[in-house]
Amino acid sequence: MTQQEMLDRMPQFALGTLPPDEAMAIARSLKEDAVLMEELVFALQLREAVKAWEVEPPRLAPLPLEVPISDSLLRGADLLRSALRTAGSSLRLAGRMI
């Protein structure tokens, strides 16, 4: 692998997305070549700068749903509840008589 190919692959090396054999070749070359080492440092700094600009969207808790209920609707619901109790009592009484 030429030095230019290594320089081109340095951002991928910094991310850890290179195949193992290419990564090992670059790692060996880094020990001997100061230019490659500088490029690696630049790629890592670039990666950190990009991460700093990435912003996660805020996580918003769902707001409780509050629906205004009119008084007439509440009275109607109370009347319906009362009617159902009366019907249930009537059915129980009829069941006892049968």
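Predicted model: local features only at pLDDT ≥ 70, side-chain atom pairs only at ≥ 80, totals over all residues.
Mentor: Let's begin with a rule: a salt bridge is a side-chain nitrogen of Lys or Arg within 4 Å of a carboxyl oxygen of Asp or Glu.

Trainee: What makes the pairing of Arg9 and Glu22 a salt bridge?

Mentor: The N to O distance between their side chains is 3.2 Å. The cut-off is 4 Å, so the pair qualifies. Arg9 sits in helix 1 and Glu22 in helix 2, so this pair ties together parts that are 13 residues apart in sequence.

Trainee: Why is Arg9 called partly exposed?

Mentor: Its relative accessible area is 25%. Buried would need under 20% and exposed over 50%, so Arg9 falls in between.

Trainee: How do you know that Asp78 and Arg81 form a salt bridge?

Mentor: Their closest N and O atoms are 2.9 Å apart, and the rule asks for a distance within 4 Å. Asp78 and Arg81 are three residues apart in helix 4 (residues 71-97), which means about one helical turn separates them. Asp78 has a relative accessible area of 44% and is partly exposed. Arg81 is also partly exposed, at 42%.

Trainee: On to the inside. Which residues make up the largest nonpolar core?

Mentor: There are eleven of them: Met6, Leu7, Met10, Ala14, Leu18, Ala23, Ile26, Leu30, Leu36, Leu40 and Ala43. Helix 1 (3-15), helix 2 (20-32) and helix 3 (34-53) each give two or more residues to this core. Helix 1 provides the largest share, four residues.

Trainee: Why is that set called a core?

Mentor: Because its members are buried nonpolar residues joined through side-chain atoms within 4.5 Å. In soluble globular proteins, nonpolar side chains tend to be buried together.

Trainee: What does Leu36 touch?

Mentor: Leaving out residues up to four places away in sequence, Leu36 touches Gln3, Met6, Leu7, Met10, Ser29 and Leu30.

Trainee: How do you know that the length of helix 2 agrees with its number of residues?

Mentor: At 1.5 Å a residue, its 13 residues should span 18 Å, and its end C-alpha atoms are 19 Å apart, which agrees.

Trainee: And how do you know that the buried residues of helix 2 line one face?

Mentor: Those buried residues are Ala23, Ile26, Ser29 and Leu30. Viewed down the helix 2 axis, they fall within an arc of 130°, so they line one face. They pack against helix 1 and helix 3. On the other side of helix 2, the exposed residues are Pro20, Asp21, Arg28, Lys31 and Glu32.

Trainee: What about helix 3: how do you know that its span agrees?

Mentor: Its 20 residues should span 28 Å at 1.5 Å a residue, and its end C-alpha atoms are 29 Å apart, which agrees.

Trainee: Which residues of helix 3 are buried, and what do they pack against?

Mentor: Leu36, Leu40 and Ala43 are buried. Seen down the axis of helix 3, they fall within an arc of 60°, so they line one face. Their packing partners are helix 1 and helix 2. The face turned away from that buried side carries exposed Ala34, Glu38, Gln45, Ala52 and Trp53.

Trainee: One last label. Why is Val50 called partly exposed?

Mentor: Val50, which lies in helix 3, has 42% relative accessibility. From Val50 to Pro68 is 18 residues in sequence and 47 Å in space, C-alpha to C-alpha.

Conventions:
Residues numbered from 1 in each chain as written. Heavy atoms only, no water. Buried < 20%, exposed > 50% of the residue type's maximum accessible area, 1.4 Å probe, protein only. Contact = heavy atoms within 4.5 Å. Expected span 1.5 Å × (residues − 1). Arc of directions from axis to C-beta.
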